[in-house]
Amino acid sequence: MPRATAKDDGAELSTAASSGLRALDRWSLGAWIIAALAAIPILTIVVSAPSGGIDSLVELASTILSDYLINTSALMLLTALVAGAIGVGTAWLISAARFPGRRILAWALVLPLAVPAYIAAYIYADLLSFTGPVQSMLRAATGWGLGEYSFPQIRSLPGAALILGLVLYPYVYLLARAAFSAQSLGQFRAARSLGAAPLRAFTRVALPAARPAIAGGLALVLMETLADFGVAEYFAIPTFSTGIFRSWLAMGDKQLALKLAAFMLVFVIALVVFEASSWRGRTDSRDAARSDEALVALNGWQQALAVIFCALPVLLGFGIPAAHLVVLALETGDQMNAATLWSYARDSLTLGLSAALVCTIAAVVLAFAQRRSNSSITRFAIRVATLGYALPGALLAVGLLAPLGVFDQAITRFSRDTFGFTHGLLLAGTSAILIYALSVRFLTVAFNSVSGGFEKVPPSLDAAARSLGAGPGEVMRRIHIPLLTPSLAAAAALVFIDTLRELPATLILRPFNLETLATRVYRLASDEKLAEASTASLLILAAGLIPVLMLNRAAKA
């Protein structure tokens, strides 16, 4: 075998570099610009974390860090256990068994995803409090008085995990149901023919085959739990999300907030790696189970238990919260006049539409760059640009405020020294920075929808258009955009709804004169005015049904 010379190595490097530069057309360059903007909060936190030296880290570790680490880890673990048990159990029953109401429950099990976790926390805290209807009925039925009985405290870490699990389990359910439905009939029935009981065949055959999908769903649950602010704040549980919020706004300690964000970033990186590795080795069987075939036969009482097991999460995660909100809204509701309430809805609509527009445009650029170039540098840029969904809102907020605050101060100083006048802040404290953060947070949602639409467009259409002399921009305008209209509409709708529900980033970054439906609910519920918060909560919940129905339809496809 001939030995490579230095000249040959240089030629190879030159060829690789030139091919990389060719891959960086204007669409790939656009992808890199988007990636750079999305990476700013991460880079800010990484650079700011070492400030203060080892002494500050020792002081942090000796005071509040252990509480945040323990509570955040415990909340994530307990939530994953609740969501995993409900999601996997219901997915297996829906996929493998036949029982009354199965078809209705198959789509109803996704409904709890429409309920924001912080709204569910407000509702169950009201229902299960000492003066709430549950304990009041218990005392009326038993004659017990204060101090004569014990009742579980919903405002606790296990209570928070239960509520988060009840509204987040659909992530596991959707992916596990798809995995179970795609599994081999032959393998499961072979295990049964060899004498394995249904439970043993499930744990030894079906469950291991669905492991990648279940792990992917649990990764999403863990990301949402890490990002949670409303439930932990309302239940007074010290987590990284609540710690960042209090350090930045309540205490005015920006360095402490950035250090906590750095520790939170370690969790984020671990979850991203876990989510990416969970899909390795995933395969789909050609001998997939058909919807009219039952893998497990249930008798009468077993069918009744299956109905109860599948209906209970729907009732607890969606039915009771929605019904209680309707009752409160009809009895009391928001006492604000219609004009004021409309102003909250208008601010929410403006933010949602702005973020949806930015995310959809950015998603088109990323997806078209991915379609035109399969280079590693383009794939890396897209991966960086779509990391936002794993970043909690509180982390994004402090990661953006720190550098933009410095930028605003520099511009103000330059304007004063050069032109002799002082103006207000250009970015910090304005809606622009909030839209920026929301766009980084939810770009992944839009990209997944748009890239899925691109996969349905045959590459031959691009080749035919290019052979007729059409440039990339014209191909995009005359071919892709018309064909991608449903995907673009879905992307915009998903981002809009997610923006409507988002809480921590909005609380930290919003201008003083901006109040959204989510912040209105948070402010009223924090003052124990849940009845007044019911109107805005119902609007958020109703809007949340749109992406839930879209997710359920996509899971069936």
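Colleague: What percentage of the 557 residues in the protein chain is buried?
Modeller: This is a predicted model, in which local features need pLDDT of at least 70 and side-chain atom pairs count only at pLDDT 80 or more, whereas totals for chains, interfaces and linings use all residues. Residues are numbered from 1 along each chain as its sequence is written, and side-chain values use heavy atoms, with hydrogens and water left out. Buried means under 20% relative accessible area, exposed over 50% and partly exposed in between, with a 1.4 Å probe and protein chains only. By that criterion, the buried share of the 557 residues in the protein chain is 52%.

Colleague: Which helix has the lowest mean pLDDT among the elements of the protein chain?
Modeller: The predictor's confidence in each residue, pLDDT, runs from 0 to 100, and its mean over the protein chain is 81, with 84% of the residues reaching 70 or more. Helices are DSSP runs (H or I, at least four residues; strands are E, at least two), numbered from the N terminus. Helix α4 (residues 65-96) has the highest mean, 93, while the lowest, 44, belongs to helix α1 (residues 6-23).

Colleague: How many contacts does the stretch of residues 1-23 have in the model, beyond near neighbours in sequence?
Modeller: A contact means heavy atoms within 4.5 Å. The pLDDT is below 50 over residues 1-23, and the number of such contacts for this stretch is six.

Colleague: Why is helix α24 (residues 517-526) described as largely enclosed by the rest of the structure?
Modeller: The buried residues of α24 include L517, R520, Y522 and A525, and just after the helix E528 takes a positive phi of about 60°. Helix α24 is described as largely enclosed because the number of buried residues among its 10 is eight.

Colleague: Which residues are linked with E515 in a network of salt bridges?
Modeller: A salt bridge is a side-chain nitrogen of Lys or Arg within 4 Å of a carboxyl oxygen of Asp or Glu, and the structure holds four of them. E515 is buried, at 12% relative accessibility, whereas R510 is partly exposed at 24% and R523 is partly exposed at 34%. The side chains of R510 and E515 meet at 4.0 Å, N to O, while the closest N and O atoms of R523 and E515 are 3.3 Å apart. The residues linked with E515 in this network are therefore R510 and R523.

Colleague: Which helix supplies the largest share of the nonpolar surface patch?
Modeller: Patches are made of residues with over 30% relative accessible area and no salt bridge, like charges being joined within 9 Å and nonpolar side chains (Val, Leu, Ile, Met, Phe, Trp, Tyr) within 5 Å. Here L29, W32, I33, L37 and F380 make a nonpolar patch of about 480 Å², an area of the kind computed by the Shrake-Rupley method with a 1.4 Å probe, where for residues only the protein chains shown count as cover. F380 lies in helix α17 (residues 376-385) and is partly exposed at 48% relative accessibility. The largest share, four residues, comes from helix α2 (residues 26-48).
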